[in-house]
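Hi,

Here is the structure I said I would pass on.

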Amino acid sequence: MFNPTLKKSLALTSLAVTLSFTSCEYLEEFLPGDDAASKVQLKNHSVTPALIKSLAGFENAKMYSIIGSDDQLPQSPDFKFGGSVDGAGWLKSPDGKGFVYITNHEDNFAVSRISFDETLKPVKGEYILNSDGGQWRLCSATLATPQEHGFGPVFLTCGESGPESRTHALNPFAPANSASVTREKPALGRWSAENAVPLAKDAYSGKTVIIIGDDDSSVGGGQIALYISNQGDLDNGHLYVLKRRSESQREMDMTTGATHSVEFVKIENHEALTGAEINARVDSLKAIKFGRVEDIDYRKGGGANSREIYFNVTGQNNSGANADYSRSKYGRVYRLVLDPSNPLKGSLTLVLNGDDRNGKAKLFQNPDNIVVTNHYAYIKEDPNGYGDETHDSYIYQYNLITGDLKPALELDHRRNADDAAKYNVGGTSEFGDWEYGAMVDISELTGIPGTFSVNIQPHTWRGEAYKNPDGGSLRPDEDQASQMIIIKGLPR
């Protein structure tokens, strides 16, 4: 999701993610403790300070600034790390001698690839999708791998420029000279989508099940969709949307802790439908109208955990299409548990409710991205700019076992630093002007437990030097900068 304070200017100007390998011969190189991982040295590599700080109880977390838009990489001195980094994934280099990081640049409509050496130092950058090929704002993403998902490697990155947007399927090792070529997958439908998340391969043997989040604020609301096919088939599957068995479509009818029986209902002939036509099916199919579905992830650990899915609804102001306040305003987190023998059936529970301003999630300012481990979910905020924000964007830690919710980290706008003007272009930024992109568990990749990469979108860090980093023609005046950091010391 992008910050609503930028929407007017944009209008005027115009993946839970895991390791990957290209064939079975690389499998042993992905295991924890291998030689490459043992050479990793976590340290600051960027000229930009880490734009984040720890909160009470998480003082032992260590932050490392890895790459930002002011950095020059030795093997690609002309490469510019673009703004608004969002969905991302990590993998080992095919030669086993380093690492590769793939990330969306949301408002550039682009995807970059950064190569790292064996110590996890960035050395080269290039764009594998630019705005001409991207076509849409690219939000969150998932890197599917044979090891985890039974197919790939493929980077699934979703368009979110309205209901006619598509999802791309990118080869993470694709040559950079194909960056202007779109790689959309019509079988995944047309949505203003945030993410398309394939479940782990052990969720349903021989099948690929992909959960899609629809970040739509119009009259039809946002949907949870499901794509199912034979394993690895992204061209011939069927598409469904989520409904309650009671057929109530109102999100606000679901209260904290209550569990609802749900099912996915088929969208017939979906590949031939426009996004507007898919939206028109919402009422006839009795699909739930959420207040903008954002990121999605499933619980790690295998077995039944692979069918335990968490997703954020970021919320929308209670005006316009939500004037009746039938959908979330401040945001919610849901748990969807699918039937072990039938992915089209399951139960839905509201576990964190930002609309209860006296409850556990009373501080919620519109949750956006999420990453789920075996024991925790880390939930990141992107405030919608209602004017009642009380803090800068948090990362919350949610304990899946106890239900405890704690603010863990907060973005640091550097408002009082000597370099405040650099990061607060146009005047001092307000609470919630910045947001997060993807947070990826890279513990196994690095061999260092409790290690995560975090993308940061500091929307008021702007300038001429950051324009048109991908070389595409659709976003020449997009001038945001951004940063990727690594955090060590968060429990999984």
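**Aromatic rings and their neighbours**

W90 counts as buried, because its relative accessibility is 0%. Before I go on, please keep in mind that this is a predicted model.

I went through the whole structure for aromatic pairs, and the search turned up 14 of them. One of these is W90 with F116: the ring centres are 5.0 Å apart and the planes sit at 45°, so the pair is tilted. What does this pair tie together? W90 is in strand β3 (residues 85-92) and F116 is in strand β5 (residues 110-116), so the contact joins parts that are 26 residues apart in sequence. F116 has a relative accessibility of 3%, so this residue is buried too.

Y394 and Y396 make another pair, with ring centres 5.5 Å apart; their planes are at 80°, so this one is edge-to-face. Are these two tyrosines buried or exposed? Y394 comes out at 13% relative accessibility and Y396 at 2%. Buried means under 20%, so Y394 counts as buried, and so does Y396.

Back to W90 for a moment: ring pairs link W90, Y101 and F116 into a cluster.

There are also charged side chains sitting over rings:

- K300 is over the face of Y298, 4.5 Å from the ring centre.
- R357 has its charged end over the ring of Y330, at 3.8 Å from the centre of that ring.

Cheers

Conventions. Residues are numbered from 1 along each chain as its sequence is written. This is a predicted model: local features need pLDDT of at least 70, side-chain atom pairs count only at pLDDT 80 or more; totals for chains, interfaces and linings use all residues. Side-chain values use heavy atoms; hydrogens and water are left out. Rings of Phe, Tyr and Trp (its six-membered ring) pair if their centres lie within 6.5 Å; planes under 30 degrees apart count as stacked, over 60 as edge-to-face and the rest as tilted. Helices (H or I, at least four residues) and strands (E, at least two) are DSSP runs, numbered from the N terminus. Buried means under 20% relative accessible area, exposed over 50%, partly exposed in between (1.4 Å probe, protein chains only). A charge sits over a ring if NZ of Lys or CZ of Arg is within 6 Å of the ring centre and within 35 degrees of the ring normal.
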